[in-house]
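Good morning, and thank you for the time. Please bring the structure up on the screen, and I shall walk through it with you.

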Amino acid sequence: MAQVLKRVFVYGTLKRGEPNHIWLTTKENGVSQFVAKGKTVAKFPLVIGTRYNIPFLLNKQGIGHQIDGEIYEVDDAMFARLDVLEDYPKYYDREPQAIVTEHNETLDCWLYLIRKFPESMLEKPLLTSYHNTPEQAYSENYADSTADDLFNDD
């Protein structure tokens, strides 16, 4: 019996060309298949935070912008690996959200977001899309971070 794949919307370091995309392409992690580029139907605040320059989608629906990203279909093994990367449910949470594809089709996809965050995060520039840049480089050292790092950009 074929496994039903789950759709996941990625907006940060998991996108093609970004530092953690390798998680989606490593066969040992499971199966992933690119579906389409997309954009959230709802508006969300997407910010860069902590000293590790991590993109955070904050759970404040209606504030910010529709967020650009990519849709992937993943098997259970890959979904479990993404939960490890996102430290779900301790750090990030996830929920289904409507995503409009570049072909104007609306798909329900899993989306990772931060539910508990300091209100000061909303004072940061609100982005429509994340791109790792030399000026604000993503740091792999996030692995030793904790939820308290949300409160500290040092």
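Predicted model: local features only at pLDDT ≥ 70, side-chain atom pairs only at ≥ 80, totals over all residues.

Asn104 counts as exposed, because its relative accessibility is 67% and exposed means over 50% relative accessible area, buried under 20%, and partly exposed in between, with a 1.4 Å probe and protein chains only. Asn104 also has a positive phi of about 65°, although it is not a glycine. Its place is in the loop between E6 and strand E7 (106-113). Helices here are DSSP runs of H or I with at least four residues, strands are runs of E with at least two, and both are numbered from the N terminus.

Residues are numbered from 1 along each chain as its sequence is written, and side-chain values use heavy atoms, with hydrogens and water left out.

Now to Asn53. Is Asn53 buried or exposed? Asn53 is buried, with a relative accessible area of 18%. Its phi is near 55°, again a positive value in a residue other than glycine. Asn53 lies in the loop between strand E3 (46-49) and strand E4 (54-57).

A further loop, between helix H2 (76-85) and strand E6 (93-101), holds Pro89. The peptide bond joining Tyr88 and Pro89 is cis, with omega about 5°.

Let me turn to the chain as a whole. It has two helices and seven strands, and from the N terminus on the order is β-α-β-β-β-β-α-β-β. Of its 154 residues, 46% are buried. Among contacts (heavy atoms within 4.5 Å) with a separation of 6 or more, 74% are between residues 24 or more positions apart.

Which residues touch the most other members of the largest nonpolar core? In this core of 38 residues, they are Phe9, Tyr11, Phe56, Leu57 and Tyr92. Strand E1 (6-10), helix H1 (22-25), strand E2 (32-44), E3, E4, strand E5 (65-74), H2 and E7 each supply at least two residues of the core, and E7 gives the largest share, five residues. A nonpolar core is a set of buried Ala, Val, Leu, Ile, Met, Phe, Trp, Tyr and Cys residues joined through side-chain atoms within 4.5 Å.

Finally, consider Phe9. Leaving aside neighbours within four places in sequence, its contacts include Gly38, Ile67, Ile71, Ile99, Cys109 and Leu111.
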